[in-house]
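Have the sequence and the 3D view open as you read.

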Amino acid sequence: MLVRLLYVSRAADAALNDLDNILQHARNYNAEHGITGALCYSSNIFMQVLEGSRTEVNRLYATILRDPHHSDVELLHYEEISERSYSGWTMGRVDISRLNTSTVLKYSEHADFNPYANSGKMALAMLQELVATANIIGRA
C-alpha cells in the first residue's frame with residue numbers, strides 16, 4: 001500500500017547551516033527505503049511531502065518528529081494513493097526564492113509562505129503548484 005504524507009516544521013538553527021547535507025542524507029535514505037517526495041523551504045519553514053509504503057513513510061515521519069533539525073512539526077495531510085506524484089525523485093527541492101508570490105496567495109490568506117495557516121488539502125495543492133511552476137533544485 002502506498003501513502004502520501006505532507007508535514008510542515010520549523011528549521012532549527014543548525015538545519016539552516018546544513019541544508020545541503022540534510023538533503024543528501026534524505027536522498028540516500030529515501031533511495032534505500034523506496035521513499036519519494038519534494039521539499040519546500042523558505043523563511044525557516046520546511047514543507048515536505050513523502051510518498052512510499054505506509055510502513056516506511058510512517059517510520060520516517062516518526063524519525064522526523066524526534067529530529068533536532070525540526071521543531072513545531074505538524075501533520076498536514078495523509079492519504080492512501082494509487083500512484084506516486086514524485087516517482088522519479090528521492091527528494092526534489094523547490095527553490096522558493098524564485099517564486100511568484102501570487103502562487104502562494106492563491107492558496108493562503110497572505111502572500112508569505114506559511115503552510116501552518118493552510119488546511120492540509122490547500123497546502124498539498126500549493127505544494128503541487130509550486131513543484132510545477134518553480135525551479136527545482138536537485139531532483140535526485
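## A buried threonine and its surroundings

Thr-103 is buried, with a relative accessible area of 9%; buried here means under 20% relative accessible area, exposed means over 50%, and partly exposed is what lies in between (1.4 Å probe, protein chains only). Keep in mind that this is a predicted model, where local features need pLDDT of at least 70, side-chain atom pairs count only at pLDDT 80 or more, and totals for chains, interfaces and linings use all residues. Residues are numbered from 1 along each chain as its sequence is written, and side-chain values use heavy atoms, with hydrogens and water left out.

Thr-103 sits in helix α4. Which residues does Thr-103 contact, leaving aside its neighbours within four places in sequence? They are Glu-129, Leu-130 and Thr-133, where contact means heavy atoms within 4.5 Å.

## The overall layout

The protein has 5 helices and 6 strands. These are DSSP runs numbered from the N terminus: H or I with at least four residues for helices, E with at least two for strands. Reading from the N terminus, the order is β-α-α-β-β-α-β-β-α-α-β. Of the 140 residues, 49% are buried. Take the contacts between residues at least 6 apart in sequence, and 80% of them join residues at least 24 apart. The exposed surface comes to about 7100 Å², with carbon and sulfur atoms supplying 47% of it; the areas come from the Shrake-Rupley method with a 1.4 Å probe, and for residues only the protein chains shown count as cover.

## Two nonpolar cores

A nonpolar core is a set of buried Ala, Val, Leu, Ile, Met, Phe, Trp, Tyr and Cys residues joined through side-chain atoms within 4.5 Å. The largest one has 22 residues, and Leu-6, Cys-40, Met-47, Phe-113 and Leu-127 have the most contacts inside it. Elements giving two or more residues to this core are β1, β2 (36–42), β3 (45–53), α4 and α5. Helix α5 gives the most, with 6 residues.

Phe-113 is worth a click: not counting residues up to four places away in sequence, Phe-113 touches Cys-40, Ser-42, Ile-45, Met-47, Ile-96, Val-104, Met-126 and Leu-130. There is also a second, separate core of 17 residues, including Val-3, Leu-23, Phe-46 and Ile-64.

Back to helix α5. Its buried residues include Gly-120, Ala-123, Leu-124, Met-126, Leu-127, Glu-129, Leu-130 and Val-131. At 1.5 Å a residue, the 14 residues of α5 should span 20 Å, and the end C-alpha atoms are 20 Å apart, which agrees; the expected span is 1.5 Å times one less than the number of residues.

## Aromatic pairs

How many aromatic pairs does the structure hold? There are 2. Rings of Phe, Tyr and Trp (its six-membered ring) pair if their centres lie within 6.5 Å; planes under 30 degrees apart count as stacked, over 60 as edge-to-face and the rest as tilted. The rings of Tyr-7 and Tyr-61 have centres 5.9 Å apart and planes at 55°, so this pair is tilted. The two partners come from distant parts of the chain, with Tyr-7 in strand β1 (residues 2–11) and Tyr-61 in helix α3 (residues 54–66), 54 residues apart. Tyr-7 and Tyr-61 are both buried.

Tyr-41 and Phe-46 make a tilted pair too, with ring centres 5.0 Å apart and planes at 45°. Both of these residues are buried.

## Salt bridges

The whole structure has 5 salt bridges, each being a side-chain nitrogen of Lys or Arg within 4 Å of a carboxyl oxygen of Asp or Glu.

| Pair | Closest N to O distance |
|---|---|
| Glu-79 and Arg-4 | 2.9 Å |
| Arg-59 and Glu-56 | 3.2 Å |

Glu-79 lies in strand β4 (residues 70–81) and Arg-4 in strand β1, so their bridge ties together parts that are 75 residues apart in sequence. Glu-79 is partly exposed at 24% relative accessible area, while Arg-4 is buried at 7%. Arg-4 and Glu-79 are also linked with Glu-51 in a network of salt bridges.

Arg-59 and Glu-56 both lie in helix α3, 3 residues apart, about one turn of the helix. Arg-59 counts as partly exposed at 43% relative accessibility, and Glu-56 as buried at 17%.

Lys-106 in helix α4 (residues 101–107) and Glu-129 in helix α5 (residues 120–133) tie together parts that are 23 residues apart in sequence. Lys-106 counts as exposed, at 53% relative accessibility.
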